[in-house]
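Here is a walk through one protein model, helix by helix and loop by loop. Have the sequence and the coordinates open as you read.

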Amino acid sequence: MTKKTLKSTTAEHVVMSEMRVRTGKGSRLLTQAEIQDLVQMFAAKVPDRDFDILSLAPEGSLLRMVARHFQKSDISYALPIMHTIMLAASRLTQSGAYLEVHGIGRILPTLWSICLAESGSAKTLASDEITEVFSDGDAAPVKMLPDAGSDAQWIIEIEEHNGSFWFQDEVGKRVNAILHQKHWARLKPWMLNAYSYQEIGNRLKGEKQKLTVENPHFTFLGLSVFSTWKNDIDASSMFDGFCQRFNYALASKRTDTSMYDHFLYFAYDGVEESRTRLKASWDALCHQPNAFGAYTLNDDVIPYLENWWSELRNTVGKSGLPDSFVRRIGFSIMRYLLVLQFLLGKARHPIDLETTILATKFADYHMQSALKIIQDYNQAGAGQVQRVVEIHEGMSERGEVPTPRNISRKLSKAQRADLPTDLIRQIVTVLDKLESQSDLFDLDDDIKVKTAAMLERRGQIFERLALNERKRNERRLRQLREAREGKMSRGTINDVAADHDGDNVVLMGRHRAYENFDPIDRTG
């Protein structure tokens with residue numbers, strides 16, 4: 001009996017799997033290669049749209065609970081989400097968790113991140129709230145790296161507190177000191193070595209023996225003001241290999257509320273109940289089976305990541321973000337994988353595609369954040385693909401023919417250098433090849449009608465996938481909390497229900513009649 005192949009997907013993939021392309025004798029379904037090309041075009045339609053930070057917090061997960069805890073404030077969701085990620089990475093690091101990858105060896109969850117937000121956005125308050133909530137529980141608190149006033153003091157602290165969580169407020173000023181002040185001069189090479197766990201050492205005055213730290217490792221989260229970042233870190237320093245070791249996260253202002261809607265934070269009815277639920281869920285995750293053990297990958301994870309990586313060539317690869325940033329952010333996915341598997345309550349299972357897709361979303365977020373920071377240094381090369389979309393739409397509205405050549409003529413010389421005619425032609429013509437069932441759009445509809453119909457269909461599918469995602473994650477957390485509270489037999493989790501959590505994939509190319517069937521949803 002032939003086993004059906006289940007393919008991982010997004011709402012965009014589902015939409016594309018329903019499309020058909022004209023042939024000389026009729027029409028056919030799109031090939032997988034064509035689907036991948038069209039998904040890239042979907043991404044290129046609105047490249048400058050603000051990143052949906054809540055896409056990093058799956059419905060029903062602890063991360064979404066954290067975001068909901070901050071809903072009745074104007075604090076950017078990025079701040080508590082990233083601090084939760086870093087606390088989880090730190091807890092795993094200090095407890096000895098690691099990811100075993102064939103050919104690479106052990107990978108530790110030692111993420112280094114810098115969050116940038118405007119002044120007055122409650123950056124420190126958000127971090128303090130998350131730290132307090134997750135420290136006041138049954139799980140052991142995360143060990144912090146004590147502050148140091150010089151490189152000499154820092155290496156003593158890291159020797160005594162190896163594996164700890166380095167939290168640095170006003171990180172722009174600290175990085176500036178590391179790069180330019182004499183009493184911090186040795187910290188840069190030490191941190192570069194620590195990034196890859198290479199031995200660091202220092203001979204202190206009056207000491208006969210050299211202070212050596214083998215396998216130095218730590219997690220790092222820094223906070224700073226976005227608008228003053230380039231005053232602390234000049235362009236040459238930003239492009240230096242040291243600054244490229246960090247994952248950057250821009251915490252944009254929320255559009256659903258403003259600071260004038262919230263005089264006091266965390267004074268709403270039910271805030272203590274919310275904190276209690278967060279504490280209980282964090283404790284349950286920390287006590288899940290294999291929480292701090294060895295994590296492994298499903299066989300389909302690396303092929304998926306290789307395909308995702310190759311697709312960046314025509315998106316991020318043409319965005320102007322330096323390759324050195326892209327490479328390091330890309331590799332940080334491997335560190336994200338076990339952090340997210342832990343936070344999704346699946347530590348005892350091999351890391352699957354659901355976790356992997358979420359990790360790539362974090363990478364996308366960091367790449368978009370890094371690109372905006374780079375563009376803040378130099379605005380000249382920003383938004384080339386978006387420019388093509390704007391020109392195309394403007395010409396169509398004026399009744400002009402938006403051919404690739406006509407669009408190219410309206411680009412500046414610099415923009416044409418980054419957008420060859422072949423790429424413009426691909427963006428302009430790819431949707432014209434499509435046809436679909438008559439209830440989606442007609443064969444003769446123009447490109448704007450087709451695009452609108454596809455985006456509407458994508459929205460419908462996205463809502464269904466989000467609902468099923470919420471059911472899965474809520475069930476996992478509920479089972480872990482019940483196990484932690486001793487409400488299940490011998491404090492164990494129901495293996496029959498939990499073992500299905502690895503099958504987080506969606507069938508491709510199904511007929512519309514099967515639309516309500518969801519292989520992800522195991523709740524019945």
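## Helix H4

Helix H4 covers residues 78-94, so to speak a 17-residue run, and spans 24 Å from its first C-alpha to its last, close to the expected 24 Å at 1.5 Å a residue. That expected span is 1.5 Å times one less than the number of residues. Helices here are DSSP runs of H or I with at least four residues, strands are runs of E with at least two, and both are numbered from the N terminus.

Why is H4 largely enclosed by the rest of the structure? Because 16 of its 17 residues are buried. Buried means under 20% relative accessible area, exposed means over 50%, and partly exposed is in between, using a 1.4 Å probe and protein chains only. After H4 comes Gly 96, with a positive phi near 90 degrees.

## What kind of model this is

This is a predicted model, where local features need pLDDT of at least 70 and side-chain atom pairs count only at pLDDT 80 or more, while totals for chains, interfaces and linings use all residues. Residues are numbered from 1 along each chain as its sequence is written, and side-chain values use heavy atoms, with hydrogens and water left out.

## The chain overall

The protein chain has 20 helices and twelve strands, and 51% of its 524 residues count as buried. Its accessible surface comes to about 24,900 Å², with 49% belonging to carbon and sulfur atoms; the areas come from the Shrake-Rupley method with a 1.4 Å probe, and for residues only the protein chains shown count as cover.

Now for contacts, meaning heavy atoms within 4.5 Å. Taking those between residues at least 6 apart in sequence, 74% join residues at least 24 apart.

## H13 against H14

The axes of helix H13 (residues 323-343) and helix H14 (residues 353-377) come within 8 Å and cross at roughly 145 degrees. Axes are lines fitted to C-alpha atoms, for helices over the stretch in contact, and angles run from 0 to 180 degrees between N-to-C directions. The H13 and H14 crossing is right-handed, which means that the near helix is turned clockwise from the far one by less than a right angle.

On the H13 side, the contact includes Phe 325, Ile 329, Ile 333 and Leu 337; H14 brings in, among others, Leu 358, Phe 362, His 366 and Met 367. Overall, the contact residues divide into 14 nonpolar, six polar and no charged. Nonpolar here takes in Ala, Val, Leu, Ile, Met, Phe, Trp, Tyr, Cys and Pro; Asp, Glu, Lys and Arg are charged, and the others, Gly among them, are polar.

Ser 274 sits in helix H11 (residues 271-286) and counts as buried at 9% relative accessibility. Leaving out residues up to four places away in sequence, Ser 274 touches His 69 and Tyr 268.

Arg 106 belongs to strand S4 (residues 105-107) and is exposed, at 56% relative accessibility. Beyond its neighbours within four places, Arg 106 contacts Tyr 98, Leu 99 and Glu 100. Its C-alpha is 9.5 Å from that of Tyr 295, 189 residues apart along the chain.

## Two loop residues with positive phi

Most residues other than glycine have a negative phi. Asn 215, in the loop between strands S8 (211-213) and S9 (219-225), has a positive phi of about 50 degrees. Asn 215 is partly exposed, at 38% relative accessibility.

Phe 266 also has a positive phi, near 55 degrees, and lies in the loop between strand S10 (247-250) and H11. With a relative accessible area of 12%, Phe 266 is buried.
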